[in-house]
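Here is a short note to read alongside the model. Take the points in order and look for each residue as you go.

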Amino acid sequence: MTARPFSDIAYNQYLNEEKLMGCKCRKCGERYVPPRPLCVKCFSPDLEWVEMKGAGRLAAFTCIAIAPPFMMAQGYNRKRPYISGVVELDEGGRVDARIEGLDPMRPEAIRIGMPMKAAFIHRKDVEVPETYLAFEPS
Ligand SMILES: [Zn+2]
């Protein structure tokens, strides 16, 4: 594995390559997605990159009708909300991400614990194309 720094920039570079990367503490085994330079559980700085399979379960979600400006620019508003959630990965670690493939107008149909898989959304409608992480039902 390449020795990229444990930064959001490196994490986003990996997303561009359709890789969900986290880091694993070599001392206690705790995993972090996105990576952190220091283990917050045992305070060890001895971490390594690990590629995550991206399978997990929905741990929490919220349907957002009042979007931040960059989301409003993508066309989200009160009539077109979107879902933001937390997914507990099967391999360990919790990741915040957009949730796709579910109806934000019907939050009662969304169940905590439902199986999810990672999806890489490539945005090309912006000045600098970027990839962001989303999860969808698996
Ligand atoms: Zn640790």
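1. A word on terms: a residue is buried under 20% relative accessible area, exposed over 50%, and partly exposed in between, using a 1.4 Å probe and protein chains only. By that rule Cys28 is partly exposed, because its relative accessible area is 34%. Cys23, with a relative accessible area of 0%, is buried.

2. Please keep the background in mind: this is a predicted model, in which local features need pLDDT of at least 70, side-chain atom pairs count only at pLDDT 80 or more, and totals for chains, interfaces and linings use all residues. Residues are numbered from 1 along each chain as its sequence is written, and side-chain values use heavy atoms, leaving out hydrogens and water.

3. How many disulfides (pairs of cysteine sulfur atoms within 2.5 Å) does the structure hold? The count is zero. For Cys23, the nearest cysteine sulfur belongs to Cys39 and is 8.2 Å away.

4. Now find helix H1 (8-16); helices are DSSP runs of H or I with at least four residues, strands are runs of E with at least two, and both are numbered from the N terminus. Ala10, Tyr11, Tyr14 and Leu15 are buried in H1. Seen down the helix axis, the buried residues of H1 fall within an arc of 150° (taken from the directions from the axis to the C-beta atoms), so they line one face of the helix.

5. Those buried residues of H1 pack against strands including E1 (20-25) and E3 (47-52), where contact means heavy atoms within 4.5 Å. Just after H1, Glu18 takes a positive phi of about 60°.

Key: Disulfide = S-S within 2.5 Å.
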